[in-house]
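Subject: Handover of a two-chain model

Dear colleague,

Please find the structure below.

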Amino acid sequence: MNPTMDTEPPAAPAAPASGTAAPAAETILSVRGLRAGYAGGAPVLKGVSMDVRARAVTAIIGPSGCGKSTLIRCLNRLHEALPGAFCDGEVLLGGRNVLDWDPVLLRREVGMVFQRPNPFPTMSVFDNVAAGLTLNGERDRVKLAERVETSLRRAALWDEVKDKLRSPGVGLSGGQQQRLCIARALAVEPRVLLMDEPCSALDPIATARIEELLLEIKDQLTVVIVTHNMQQAARVSAHTAFMLSGELVEFGPTQGLFTKPSDKRTEDYITGRFG
Amino acid sequence: MKRHFDADLEDLRGRLLRMGGLCEEMIHAAVKLVVERDEAHLTAVEDWERQVNRLHLEIDDVCLKLIALHQPAAGDLRLIAAALKINSDLERVGDQAVNIAETGVFLCKEPHIKLGDIPRMVEVAAGMLKDALDSFSRGDVELAREVIRRDDEEDRLKSQTFNELVHLMQRDASAIQRGMDVILIARNLERIADHATNIAEDVIFMVLGKDIRHPAEQRASEGPTATA
């Protein structure tokens, strides 16, 4: 755990001119020498460094226990919330180390969607999506309604729930609940959206909808997705990182990694020779 | 970890090499028919062609099944992609050999005509095909590059044969039909060499993941590449 905590929210980067594509190589998140683990145990991450491109999907793949979930949980400091957990190194967002930020402020900038959909059980569809905004002090009902609709549309859920916004969120199907969680994460307009195996509890149709949604939003938002499904990584991401035993083995354009990986360990993993 | 998939890929390789072997036999038999003026070779060529066509269908089917069932990646994917293309090239090689044999049957019935550099062209084209298949079997990139280099020699021999036959037809109008047939055979052999070149290019892609076709167009389409 970093000893100092800067509670100042970071300065937002200058927004790109409307209608202008971001430069392909713009980095939003720089991970430098990231180590993480649990006190008294072997490190789970052994000094990972990688640059995450802005407004693109980056996939992290690797066998169980390789540290991929720990890595993204460090990016919004959820890992440190576990008893005995430690995390050091640098995770630079907008040039500032997020390990020094107030975790609550950080999570407005770096949202997360988990493996199992987890809508707030007592809240309606509307309130689920509005929850983050309400917590941030937004009380204007018109603004809330606008943001809820925009977020549900971006999450490709609006048409299915527009007539039941006041119904409980947990009454939706599993796939709809997961898109509701994505809408909830999008509502606070994060700069980065982390997804930890977001489709592993969903059927193929619901999975396809989430993948379509990712393809829709990929040019507007930075997404880092951990997935066990290599075909999913190949379909949705622009860049893929392969991790093994807490180390980043290979990181590069997805097409290259899946057709001509440069490391034999990557080749062996993606061709099913181990893992 | 040994995978069942490896046995499937080995089977695919085996079928392609069998098909390639049949194509080599077809070329030699077809040209023998032309040189020895012996129509008896046509039956063997036609029989092999039926086997090649069957393998053509089978190999396509196997490749599609492997893609659908295993969603291959990396080296596995490149092998199957190469196999699909090599399969088409070999089927075309078989067709060219049949064309040579059929033209030869016509020539057998006509007075003798000079064959230009056809014997040497057969040697080069069949050699290229054999080495392209060997490079596929062994994943030998150097041999594949050597095959590609030899294609120029075949083109040169074809031009030489064309010129020789054109002069002959200019001097003797009665040789025009036969001369045109020899030119067609030269053209068939040159196409076989082109297919061998394609196979060699596929082998390089299969082994290195590098597409060496159409280098000028590749350079033009290369944009800024992302780096990790």
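**Findings**

In chain B, residues 24 or more positions apart account for 80% of the contacts with a separation of 6 or more; two residues are in contact if their C-beta atoms, placed from the backbone, lie within 7 Å. This is a predicted model, in which local features need pLDDT of at least 70 and side-chain atom pairs count only at pLDDT 80 or more, whereas totals for chains, interfaces and linings use all residues. Residues are numbered from 1 along each chain as its sequence is written, while chains are lettered from A and ligands numbered from 1 in the order in which they are written.

**Chain B**

Chain B contains 7 helices and 0 strands. Helices (H or I, at least four residues) and strands (E, at least two) are DSSP runs, numbered from the N terminus. The C-alpha atoms of chain B occupy a box of roughly 65 × 40 × 25 Å along the principal axes. Of its 228 residues, 40% count as buried. A residue is buried if 20 or more other C-beta atoms lie within 10 Å of its own, exposed if 12 or fewer, and partly exposed in between, with C-beta atoms placed from the backbone.

Helix α1 (residues 4–36) of chain B packs against helix α3 (residues 74–108) of chain B at an angle of about 15°, with the axes 9 Å apart. Axes are lines fitted to C-alpha atoms, for helices over the stretch in contact, and angles run from 0 to 180 degrees between N-to-C directions. The helices α1(B) and α3(B) are therefore roughly parallel to each other, a term for angles under 35 degrees. The residues of this contact between α1(B) and α3(B) comprise 20 nonpolar, 4 polar and 1 charged. Here Ala, Val, Leu, Ile, Met, Phe, Trp, Tyr, Cys and Pro count as nonpolar, Asp, Glu, Lys and Arg as charged, and the others, Gly among them, as polar.

B:Ile183 is placed in helix α6 (residues 176–208) of chain B. Because it has 19 C-beta neighbours inside 10 Å, B:Ile183 counts as partly exposed. Leaving aside residues up to four places away in sequence, B:Ile183 touches B:Phe162 and B:Leu165.

Chain A has 10 helices and 10 strands. A compact globule of 275 residues would have a radius of gyration near 19 Å, and the 18 Å of chain A agrees with this; the radius is taken over C-alpha atoms, and the globule rule is 2.2 Å times the number of residues to the power 0.38. Buried residues make up 44% of the 275 residues in chain A.

Between the chains, 18 residues of chain A are in contact with 13 residues of chain B. On the side of chain A that touches chain B, β10(A) gives the most, with 3 residues. That side of chain A divides into 9 nonpolar, 6 polar and 3 charged residues.

**Two residues with positive phi**

Most residues other than glycine have a negative phi. A:Glu197, which is not a glycine, has a positive phi of about 45°. A:Glu197 is found in the loop between β7 (192–196) and α7 (204–217) of chain A. For B:His214, also a residue other than glycine, phi is positive and near 45°. B:His214 lies in the loop between α6 and α7 (215–221) of chain B, and with 11 C-beta neighbours inside 10 Å, B:His214 counts as exposed.

Yours sincerely

Notes:
Parallel < 35°, antiparallel > 145°, perpendicular 65-115°, else oblique.
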